[in-house]
Amino acid sequence: MKGAWIEDLTWPEVRDRLAAKRPVVVPVGARSKEHGPHLPMKTDYLWARAFGDGIAGRLPVLVAPVVDFGYYPAFVNYAGSQHLRAETFIALVEDILDGLLNHGAETLAIVNTGVSTEAPLQIAARNILVRRGARVAIANIRDLGKGCDGLFQQKLGGHADERETSAILAIEPASVRMDRARPDYGHMLGSPPNVFRAPVAFHGDPAQGENYSATGARGDPTLATPEKGRALLAAMIDELVAGLRLLRPDLTQ
C-alpha cells in the first residue's frame, strides 16, 4: 500500500494508519522565503511537497502537512521573507511532534529543506527524546543528492543556484522565471576553503563582504535544466526511501 498525506485523509483513516504503526514523515519547507528574482518564494515548500509525494509513492507512510514557517534569519532583508525566532520555531516543531506522539505515532522522521533550520530542529528532536523518550530522525537537504554533484557546472552555489533552480524546473517549471536568472557569486569567488563557518545574512549592499548578494541568490542559475533537476530529485528521493527502510526494515512497497 502506498502512503498518504494526512491532510487528504479523514481522522478515522489517520487513526487506523497510526494504529498500524505507519511511520510519519514531517516535511519542513518555507512557503515564503526569497529565492532570487527567478524562483518563487515557495521554493522550499515545493521541495518539501516533492519529497513527501516521492516517499508516499513508494512507502506506506503518513506524511504530515508541510511545516512552512521556520527559522530563516539570512533572508529577512528581502520583501516577503518570513522568519520565526529560533525559540518559536523549536516550540512549533515540538508541539507538532508531541501531537503526533499523543495520537500514537511511533516512528517520526523530519525531512528538512532548509539550512538555518538544521540546528533548531536538532534541539527540538533532542528535547522530544528527553521529555518523551522518542527518537526523531532528521534528514537535511544538504546531505542528499551528493552523487549528482558532477551534473552541475557552477563555480559555487548554495541558494537559488543551478542546483535548486534545476529542481524547481523539474517540479513546477511554470513558476521559474529563467529570463530573470543571472549568475551571482557575490564576493565569494576566490575565498579560500575554511573549516570555520560563520553565519550569513544575505544583503544587497556590496560593502557587506561575504553577505553580499545583488540578487538574493548565490551561484549560477542560468546553467539549470529540468533534466538535471529530475536526476537530482530522483536521487534524493531514493536516498530518503532507503533511509526510512533502514529506520523501519519492515516497510514494504
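On a 1 Å grid laid over the protein atoms alone, a pocket is an open set of points where a 1.4 Å probe fits, with protein on both sides within 12 Å along at least five of seven lines, and its lining residues have an atom within 4 Å of a point. The model is predicted, so local features need pLDDT of at least 70 and side-chain atom pairs count only at pLDDT 80 or more, whereas totals for chains, interfaces and linings use all residues. Residues are numbered from 1 along each chain as its sequence is written, and side-chain values use heavy atoms, with hydrogens and water left out.

**Pockets**

The largest pocket is lined by 44 residues, and Val115, Arg142, Gly157, Gly158 and Arg197 are those nearest its centre. Helix 2 (43–56), helix 4 (118–132) and helix 5 (162–171) each give at least two residues to this lining; helices (H or I, at least four residues) and strands (E, at least two) are DSSP runs numbered from the N terminus. In the table, volume is the space filled by probe spheres set on the grid points, which are joined across faces, edges and corners. Ala, Val, Leu, Ile, Met, Phe, Trp, Tyr, Cys and Pro count as nonpolar, Asp, Glu, Lys and Arg as charged, and the others, Gly among them, as polar.

| Pocket | Volume | Lining by class |
|---|---|---|
| Largest pocket | about 1,900 Å³ | 21 nonpolar, 11 polar, 12 charged residues |
| Second largest pocket | about 280 Å³ | 7 nonpolar, 2 polar, 3 charged residues |

For the second largest pocket, helix 4 and strand 5 (136–140) each supply at least two lining residues, and the largest share, 4 residues, comes from helix 4. The lining includes Gln122, Ala125, Arg126, Leu129, Val136 and Ile138.

**Cores and helix 5**

A nonpolar core is a set of buried Ala, Val, Leu, Ile, Met, Phe, Trp, Tyr and Cys residues joined through side-chain atoms within 4.5 Å, where buried means under 20% relative accessible area (1.4 Å probe, protein chains only). The largest such core holds 37 residues, of which Trp47, Phe51, Ile55, Leu59, Met236 and Leu244 touch the most other members. Helix 2, strand 4 (108–112), helix 5 and helix 6 (226–247) each supply at least two residues of this core. Apart from this core lies another, of 32 residues, among them Ile6, Leu100, Ala105 and Ala125.

Beyond its neighbours within four places in sequence, Ile55 is in contact (heavy atoms within 4.5 Å) with residues including Val25, Val111, Ile237 and Leu244. Helix 5 is mostly covered, with 8 of its 10 residues buried, and these buried residues pack against helix 2 and helix 6.

Note on methods. Buried means under 20% relative accessible area, exposed over 50%, partly exposed in between (1.4 Å probe, protein chains only).
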